[in-house]
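Below are my notes on the model, as numbered points. Please read them alongside the coordinates.

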Amino acid sequence: MHNPNFDQPDTTDDEMLPEYDFTGGDRGKHYEAYRRGHTVTIHQTDRQDIVQYFTLEDGAIMLDPDVREYFPDAETVNRALRTLISLFPKNHQVI
């Protein structure tokens, strides 16, 4: 049996494969729309198209890439925010 992925290069690192060329691409052009919510349409050959709408769950927060470098997961974000909260008076709300 032939494995179609046998000749694929090792992609365990974060290097871009040479055959991908994004010259002239517009990085982040869908960023704001994605944050507001987005629709995915799955075109099926044998059935009706499936349309799904995605939004962030209530309470979910999307971090900007520069912030994610320092806070890669929920635990580190919450720890940092609790430290920041402790600096404010009890009855003070941060806007």
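1. Across the whole structure, 2 salt bridges are found (a side-chain nitrogen of Lys or Arg within 4 Å of a carboxyl oxygen of Asp or Glu). The model is predicted: local features need pLDDT of at least 70 and side-chain atom pairs count only at pLDDT 80 or more, while totals for chains, interfaces and linings use all residues. Residues are numbered from 1 along each chain as its sequence is written, and side-chain values use heavy atoms, with hydrogens and water left out.

2. Glu-75 is exposed at 56% relative accessibility, and Arg-79 is partly exposed at 47% (buried is under 20% relative accessible area, exposed over 50%, partly exposed in between, with a 1.4 Å probe and protein chains only).

3. Asp-46 pairs with Arg-47 in a salt bridge whose closest N and O atoms are 3.9 Å apart. Asp-46 has a relative accessible area of 61% and is exposed; Arg-47, at 58%, is exposed.

4. His-38 lies in strand β1 (residues 38-42) and is partly exposed at 23% relative accessibility. Its C-alpha is 5.7 Å from that of Tyr-53, 15 residues away in sequence. Beyond neighbours within four places in sequence, His-38 is in contact with Ala-33, Gln-52, Tyr-53 and Phe-54 (contact means heavy atoms within 4.5 Å).

5. Ile-50 belongs to strand β2 (residues 50-54) and counts as partly exposed, with 34% relative accessibility. Not counting residues up to four places away in sequence, Ile-50 touches Val-40, Thr-41, Ile-42 and Gln-44. Ile-50 and Val-40 are 10 residues apart in sequence, with a C-alpha to C-alpha distance of 8.2 Å.

6. A nonpolar surface patch is formed by Leu-81, Leu-84, Ile-85, Leu-87 and Phe-88, with about 490 Å² of accessible area together. Patch members have over 30% relative accessible area and no salt bridge; nonpolar side chains (Val, Leu, Ile, Met, Phe, Trp, Tyr) are joined within 5 Å, like charges within 9 Å. Areas come from the Shrake-Rupley method with a 1.4 Å probe; for residues, only the protein chains shown count as cover. Phe-88 sits in the segment after α3 (74-85) and is partly exposed at 32% relative accessibility.

Note on methods:
Helix = DSSP H or I, 4+ residues; strand = E, 2+ residues; numbered from the N terminus.
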